[in-house]
Amino acid sequence: MPSWVEIVVRTVVSIVTLLVLTRIIGKRQISQMTFFEYVAGITIGSIAGFISTDLEGNFLHGFTSMIIWALIPALLGYLALKSKTVNDIVEGNATILIKDGKIMEDNLKKERMSGEELLEQLRLKNAFSVADVEFALLEQSGEVSVLLKRDKQPLTPKDLQMKPAPIKEPQTVILDATIMLEPLATAGLSTKWLHTTLDKMGISLDNVYMGQVDSYGQLHVDLYDDQITPPTPQEFPLVLATLKKCQADLETFALETKNEQAKREYEANAKALKQVVEQVTPLLQQ
């Protein structure tokens with residue numbers, strides 16, 4: 001067999017083997033791999049490259065070595081799932097870097113991390129002041145998890161005792177000036193609605209690179225012509241403004257009328273409409 005043919009065969013077999021072995025090892029990203037899995041991956045790649053071009057080497061020996069290097073991390077990963085002791089040995093443990101707002105200097109030295117490195121990791125988590133950090137942990141993957149102090153955390157709807165409107169996956173209904181029928185049907189809309197909405201916005205379908213319908217049935221478009229700014233959907237704000245105006249009118253009628261029965265009805269209706277406005281405001285302000 002000519003040398004170049006043998007190299008081709010060895011290379012193809014090595015690539016196929018690598019593909020199978022990487023699927024066995026798993027799909028975790030580089031940042032999520034343990035140190036041993038990282039070293040094993042480099043070693044397997046080196047062996048594959050070596051046996052592909054070293055015609056004097058025994059291909060079967062190299063192939064066997066690749067299999068062993070792949071199976072051992074897979075076996076350790078399986079055992080780590082079954083045993084916490086094995087998991088602690090293979091994966092390691094997270095290290096506390098900041099506790100109760102205080103830097104744990106001994107743990108920094110243990111992980112060979114300087115103060116500058118700690119500050120850099122905190123900045124990457126949008127924590128520019130150590131005084132803002134309640135708790136920080138060096139994870140097994142090498143990333144630093146940060147918990148800000150309670151008064152430094154951003155407000156959530158729950159903090160404000162608000163119930164946010166549910167969110168659904170946006171549907172891409174136009175892509176490259178082509179209507180996507182399946183996402184449009186998933187959103188419960190029709191091509192007639194889409195053309196009508198584009199006409200209201202004064203936009204031609206040919207000028208739309210991408211169009212998406214959000215959770216509340218509003219169409220947002222990106223145009224080929226970047227000089228044109230597409231209008232923001234105004235249906236929901238107009239509906240909300242109309243409801244508030246109706247509520248204000250009812251309250252005004254209640255103040256102006258001299259008929260006591262009409263006054264009570266206006267006040268009751270204004271109160272009921274106010275409750276409706278409060279309920280739909282999260283939906284209409286999206």
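Q: What share of the contacts in the protein chain with a separation of 6 or more comes from residues 24 or more positions apart?
A: In this predicted model, where a contact means heavy atoms within 4.5 Å, residues 24 or more positions apart account for 50% of the contacts with a separation of 6 or more. Residues are numbered from 1 along each chain as its sequence is written, and local features need pLDDT of at least 70, side-chain atom pairs count only at pLDDT 80 or more, and totals for chains, interfaces and linings use all residues. Side-chain values use heavy atoms, with hydrogens and water left out.

Q: Why is T95 called buried?
A: Buried means under 20% relative accessible area, exposed over 50%, and partly exposed in between (1.4 Å probe, protein chains only); T95 has a value of 7%, and therefore counts as buried.

Q: What makes a set of residues a nonpolar core?
A: The set must consist of buried Ala, Val, Leu, Ile, Met, Phe, Trp, Tyr and Cys residues joined through side-chain atoms within 4.5 Å. The largest such core has 14 residues, and L198, L219 and V221 have the most contacts inside it. Elements that each supply at least two of its residues include α8 (191–201) and β8 (219–223).

Terms used. Helix = DSSP H or I, 4+ residues; strand = E, 2+ residues; numbered from the N terminus.
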